[in-house]
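Let's take a walk through this structure, one piece at a time. Have a look at it first, and then we'll start with a pair of strands.

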Amino acid sequence: MEKKGDALVVVAIDFGTTYSGYAYSFRAEYEKDHTKVYSNSDWRSGDGLATTKTPTVILFSEDKQFCKFGYEAEQKYNTLLEEEEADGWRYFRRVDKITKNLMIEDEQGKPMSALIVFAESIRYLKDQFLQNTQVQGLKFDPNNDIHWVLTVPAIWTDRAKQFMREAAKQAGIPDDMLTLAYEPEAAALYCKELTVQKKEGAESSSLSSFEPGQQFLVLDCGGGTVDVTAYQVQNDGDLRELQRPTGGPWGGTYVDNQYTTFLKELFGADVWSEYSKENPEDVLEIQRRFEAKKKSVNASADDQTTISFPSSLFAKYQIAKNCSSFEECLKKSEFAKTIKVKKDKLRFDHQLVKAFFRVPIDSIVTHVKEIINESKKKGRDIKTILMVGGFSDSSILSQRIISEFKRITVICPTEAVNAIVKGAVIFGHNPNLISERISPLTYGISVNTTFNNKVHPAKLKVVYDGKEMCTDIFQPIVQIGHPIRVGKEIFKHTCLPTRALDTEATIEIYESSSECPMYTIDKGVRRLGDLTVSIPNTSKGKNRPIKVEVSFGYTEIVVCAFEEGTETQTTATFDCLLN
Ligand SMILES: Nc1ncnc2c1ncn2[C@@H]1O[C@H](COP(=O)(O)OP(=O)(O)OP(=O)(O)O)[C@@H](O)[C@H]1O
Ligand SMILES: [Mg+2]
């Protein structure tokens, strides 16, 4: 922690499934004002609008060399497609579908190492920070001056987090300068700091949301998923996780998909499919124009939404349907009343556009209601909802949440899209702000016990030092759902060497999503890694207690083992990638 604490600047990278970005703040400035966090505003979407995030898409050339990331990758790949030169190029649009053997499929279904795809994406974001600050005349030594924070979804397994660390390392981020931050916690910190800072101006209701005892939900509405997590503010102002995150696929891209489905209906599935194959650049343009319009869709306005389309689409339609014009055909269709044609533009009725949002928003509302009802049954009292993530910037969504949950204070910070990455910067400056979380899994070690043929399966019987023993017993250290005081609590277990003459003891660490597995060979139990302790002095035979201590860092598990009465400790590093 020391070295990170001395860094001049904290840079947080939010590598999201649909959009990615970074934010940073200087230690000296943070000490005066926690919310002085800068985000990048240099990315330009197709229409030239500056955005603080860029799409999570990455393009590699035929020889698997990194080529472009974000908007530029999108543009380049679609141009290649249009020119029929895309063969062999590797284009990744969704980075959440990693297969078991750690491969990820590109748009054409060809696999590539997920580690390379992740590492190159992180490297791009890291280099963007370094280059942009260099332009401002600031030069940092990435190995010593910068404390890097990577945000990760709170539902990620330890294995996935380990994978992220590995990717960061490959991207040139030293392990001792990296912290992983959970997205909802980062978001909660940001909202809290923002509210505390605006003390004078803030409404008393939102200020009291962060007083000790208060319970709130973080509603993270991203591109792919919507995740809800419950927290409670503790007496020292720290946050305690009350409930693990839950959610569903109701993010902003659901709306985009509804729009595409609708275009297929409007122009005909066959026309649309052929057009998409022949004109990928134009289709990208259609998507980008909708992305821009989507941001201004409002719940109450009756305004029509006007979107311009490439003339190639109308031309395609005319030829394929053998008609005089798209406009003439439209007049005879079911959309005659809801869509008007104006040159290259289509004017959509407000109700039609609102309908694209219906399913995801209804699903979010239903889910939040369920969580609040469940909380009530457990005697909890959720008084606040913090809305973060890009989709929360949609007023049609935030207004609906406000109107559905009238008794609850809904806090939607301006630029909800950056709440997570900015909160991660604050977390990097002071990780102690989050103190308690719920164990996401059961963690344990493998132990032996005297064999009992009434209880133990014969296949686990072994003979050690002439005694029948049962191996592979899962000895839980921390159980799923158990609250853990981060960095403060140590879970202990004592075991004995397997044989009297052993000079080494191997502690095998396992995880499972069941509360108390019997054996480490049970279905669903996964080996995290090993820890080998040296026990050279065999004079006491088996009577050499080995202490195993497990503690939880902010985002990782640390296992330490040593023989009682000796000084030499061994600390585990899990290399989950080898499993
Ligand atoms: N002002 C806005 N109005 C409506 N939607 C918006 C707005 N700004 C961003 N979005 C949408 O938010 C989504 C991106 O949100 P965010 O950047 O939080 O996603 P992410 O972190 O990549 O996703 P995930 O959390 O699922 O990994 C996109 O679907 C985008 O269209
Ligand atoms: Mg996100």
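This is a predicted model: local features need pLDDT of at least 70, side-chain atom pairs count only at pLDDT 80 or more; totals for chains, interfaces and linings use all residues.

Begin with strand S23 (residues 442-450) and strand S25 (residues 467-478), which pair in the antiparallel sense over seven bridges. Two strands count as paired if DSSP finds at least two bridges between them. The helices (H or I, at least four residues) and strands (E, at least two) named here are DSSP runs, numbered from the N terminus.

Residues are numbered from 1 along each chain as its sequence is written, chains are lettered from A and ligands numbered from 1 in the order in which they are written, and side-chain values use heavy atoms, with hydrogens and water left out.

Now widen the view from that pair. S23 and S25 belong to an open sheet of five strands, ordered S24-S25-S23-S28-S29, with antiparallel pairing. At the edges stand strand S24 (461-464) and strand S29 (525-534); each has a single partner strand, so one side of each is left without a neighbour in the sheet. On average, neighbouring strands of this sheet are turned by 40° against each other, direction ignored. For angles like these, axes are lines fitted to C-alpha atoms (for helices over the stretch in contact), and the angles run from 0 to 180 degrees between N-to-C directions.

How is the protein chain divided into domains? The assignment gives domain 1 (2-183), domain 2 (196-251 + 356-427), domain 3 (252-354) and domain 4 (439-578). Those bounds come from an automatic or database domain assignment. The C-alpha centres of domain 1 and domain 4 lie 36 Å apart.

Next, some helices. Two packed helices are described by the angle between their axes and the distance between the axes. Helix H8 (residues 252-267) and helix H13 pack at an angle of about 130°, with their axes 8 Å apart. H8 and H13 are therefore oblique to each other; angles under 35 degrees count as roughly parallel, over 145 as roughly antiparallel, 65 to 115 as roughly perpendicular and the rest as oblique. Tyr254, Val255, Gln258, Tyr259 and Phe262 in H8 meet Leu352, Ala355, Phe356, Phe357, Val359 and Pro360 in H13, where contact means heavy atoms within 4.5 Å. The residues of this contact divide into 10 nonpolar, one polar and no charged. Here Ala, Val, Leu, Ile, Met, Phe, Trp, Tyr, Cys and Pro count as nonpolar, Asp, Glu, Lys and Arg as charged, and the others, Gly among them, as polar.

H13 (residues 350-377) has another partner in helix H14 (residues 395-404): their axes come within 10 Å and cross at roughly 40°. H13 and H14 are therefore oblique to each other, too. Among the residues that meet are Phe357 and Ile361 in H13, and Leu397 and Ile401 in H14. By class, this contact has seven nonpolar, no polar and five charged residues.

Finally, find the open sheet of three strands in the order S8-S7-S9, where the pairing is antiparallel. Its edge strands are strand S8 (66-69) and strand S9 (90-92), each pairing on one side only. The twist averages 15° from one strand to the next. Strand S7 (residues 58-60) and S8 pair over three bridges, and Phe60 stands opposite Phe66 in S8. Helix H3 (residues 71-82) packs on the sheet, touching S7, S8 and S9, and its direction makes about 115° with that of S8. Helix H4 (residues 114-135) lies across S7, S8 and S9 as well, running at about 115° to S7.
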